[in-house]
Amino acid sequence: MSTVELPTPRSYLEEGFGLRSWLTTHDHKRIAVLYGIGITFFFFLGGLAAALIRWELVTPAGDLLSAETYNKAFTFHGVVMVWFFLIPSIPATLGNFLLPLMIGARDVAFPRLNLFSWYLYMGGGVFTLACLLLGGVDTGWTFYTPFSTMFSNSHVMMAVAGVFIVGFSSIFTGLNFIVTVHTLRAPGMTWMRLPLFVWSMYAVALVMILATPVLAMTLALIGLERLFGVGIFDPALGGDPVLFQHFFWFYSHPAVYIMILPGMGLVSELITHGARRRIFGYRFMVYAIIGIAVVGFLVWGHHMFVAGQSMYASIVFSILSFIIAVPSAIKVFNWTATLYKGDISFDAPMLYALGFVGLFMLGGLTGLFLAATALDVNLTDTYFVVAHFHYIMVGGAVMAYLGGIHYWWPKITGRMYSEAWARFAAILMFFGFNLTFFPQYILGWEGMPRRYHEYLPQFQVWNVLSSAGATILGVAYLMPLLYLAWSLRHGERAGSNPWDATGLEWQTSSPPPPHNFDETPLVTEGPYAYRR
């Protein structure tokens, strides 16, 4: 009896074409693509809610949405964008795809757990979408008590369940990354030869598995109080609503670094390649990543300067919040020094990287305003805060994410994209983002509160500018979706290393074979072997 040998697939994309082959895959690259599809869907869903909010705020009167609908729109926008896009975006997509390739591994340590994490992510998404279809939730993405436990009549538990489930996806992804980095590095890949993106993934993974269980516990406590009347946050039952804020921000402030640290890692890769120079101060960049991850656990109290905590606690949290600016400043300084005398190419990934640095700097500097207790008392719950965290979490993180998508797109798909359209989209996005959110700094400084669907007529000019910017930004966000999708069929085929870049991921074909490398690579030098 003769046997028929099936041809070996040339790339992971040819390993199987049916839906089942994708939904049961254990390949980290395919799972990254699955995450990418889900995350893109939630990004535009959350963006649609943001558009509704900005269109409502074109005029001072609440003439497009009712107050209740407006509350539900900004809650849905926050829940989707924070939990289903910003937190998983870079780790789950580019992290999943690149981390094994960058360290010379064939896959992550636990491939089945990796697939299970994606199913958890999508399961949490189903609960969130069900919440929307049933009428939505109006608590804000923070689920602050006592409103979420005592007064809200919307679908709080449905939304909480969605976030609770997706939290386990983060924990399992973080666990997988840590074990992968510890156990599957190629021969010669020492800790001080790891690419900075891998270092950022490793630090983020630690934050994920240490902080996310606190969020899960907090959400479970909301359920206990709301469903069974157990007194935890309700003063009438012996609870304390401020306790919720401590629990929530103990996770959610480190979560800011889950969003921005991967972006820092990506931008380091883009800048060193775009300047054709070794990264300046590699070791200090590593120490800065670790420093941000550690100190990020100690600053949650700056969200609570007006919540009733003691003056001494506020002073301590204020000082720690200023301290965390130091490693962030080191990274900006080293990126700038890397660019100095570099042979800079202003292609699309580099434009996104430079956009990240500019937006991150402005967002970071205005964060110092909010770290100062006297200023924060005046600015808290105004649009100044909205502008600040959008500059960091959206401007910074999304710019880095799109820069990374463009840089590694040839590796992921085997196709090149239109460089002209990509440059135009990056520039338009930078302009649209600043037109959207810089006026909000002025609005907040002048005293316009956040979360209101009506406002005083004196604020209209800045709100119209902000809404116009949001429209431009929406168009700029749609453009990469269109020309990248076009490139899948019509784009020029990419070679294994179209950018002439360093790094192990560029030493295999584009797209990579199912097991990444035909032979296990041997690492003999650091990650950025450029001449200068």
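User: So helices here are DSSP runs of H or I, at least four residues long, numbered from the N terminus. With that settled, where is P146 found?

Analyst: P146 sits in the loop between α5 (111-134) and α6 (147-151). Keep in mind that this is a predicted model. The peptide bond leading from T145 into P146 is cis, with omega near 5 degrees.

User: Which residues does the other cis bond, the one with omega about -10 degrees, join?

Analyst: That one joins S510 and P511. P511 belongs to the segment after α17 (460-490). As background, most peptide bonds are trans.

User: Back to that loop between α5 and α6. What is the phi of F143?

Analyst: Phi of F143 is near 55 degrees, a positive value in a residue other than glycine. F143 is in the loop between α5 and α6.

User: Is F143 buried or exposed?

Analyst: Buried: its relative accessible area is 0%, and the cut-off for buried is under 20%.

User: And what about D381, which has a positive phi too?

Analyst: D381 has phi at about 60 degrees, and it isn't a glycine either. You'll find D381 in the loop between α14 (373-379) and α15. D381 counts as partly exposed because its relative accessibility is 40%, which falls between the 20% and 50% cut-offs.

User: Moving on to α15 itself, where does it bend?

Analyst: Helix α15 (residues 383-413) bends by about 45 degrees at Y407, and the proline P410 follows within four residues. Just after α15 comes G414, with a positive phi of about 80 degrees.

User: Why do you call α15 largely enclosed?

Analyst: Because 30 of its 31 residues are buried, the rest of the structure largely encloses it.

User: New topic: which residue caps the N-terminal end of α2?

Analyst: D27 does, with a side-chain oxygen 2.9 Å from the backbone nitrogen of K29. Helix α2 (residues 28-56) reaches 42 Å from first C-alpha to last, close to the 42 Å expected at 1.5 Å a residue.

User: Last one: which residues form the nonpolar patch on the surface?

Analyst: M311, Y312, I315, I319 and I323, with about 540 Å² of accessible area together. Y312 lies in helix α11 (residues 311-323), and at 62% relative accessibility Y312 counts as exposed.

Definitions and conventions:
Residues are numbered from 1 along each chain as its sequence is written. This is a predicted model: local features need pLDDT of at least 70, side-chain atom pairs count only at pLDDT 80 or more; totals for chains, interfaces and linings use all residues. Side-chain values use heavy atoms; hydrogens and water are left out. Patches are made of residues with over 30% relative accessible area and no salt bridge: like charges are joined within 9 Å, nonpolar side chains (Val, Leu, Ile, Met, Phe, Trp, Tyr) within 5 Å. Accessible areas come from the Shrake-Rupley method with a 1.4 Å probe; for residues, only the protein chains shown count as cover. A salt bridge is a side-chain nitrogen of Lys or Arg within 4 Å of a carboxyl oxygen of Asp or Glu. Helices (H or I, at least four residues) and strands (E, at least two) are DSSP runs, numbered from the N terminus. Buried means under 20% relative accessible area, exposed over 50%, partly exposed in between (1.4 Å probe, protein chains only). The bend at a residue is the angle between axes fitted to the seven residues ending there and the seven starting there. The expected span of a helix is 1.5 Å times one less than its number of residues. A polar contact is a pair of N or O atoms within 3.5 Å; within protein, one must be able to donate a hydrogen and the other to accept it, and residues adjacent in sequence count only if both atoms are side-chain atoms.
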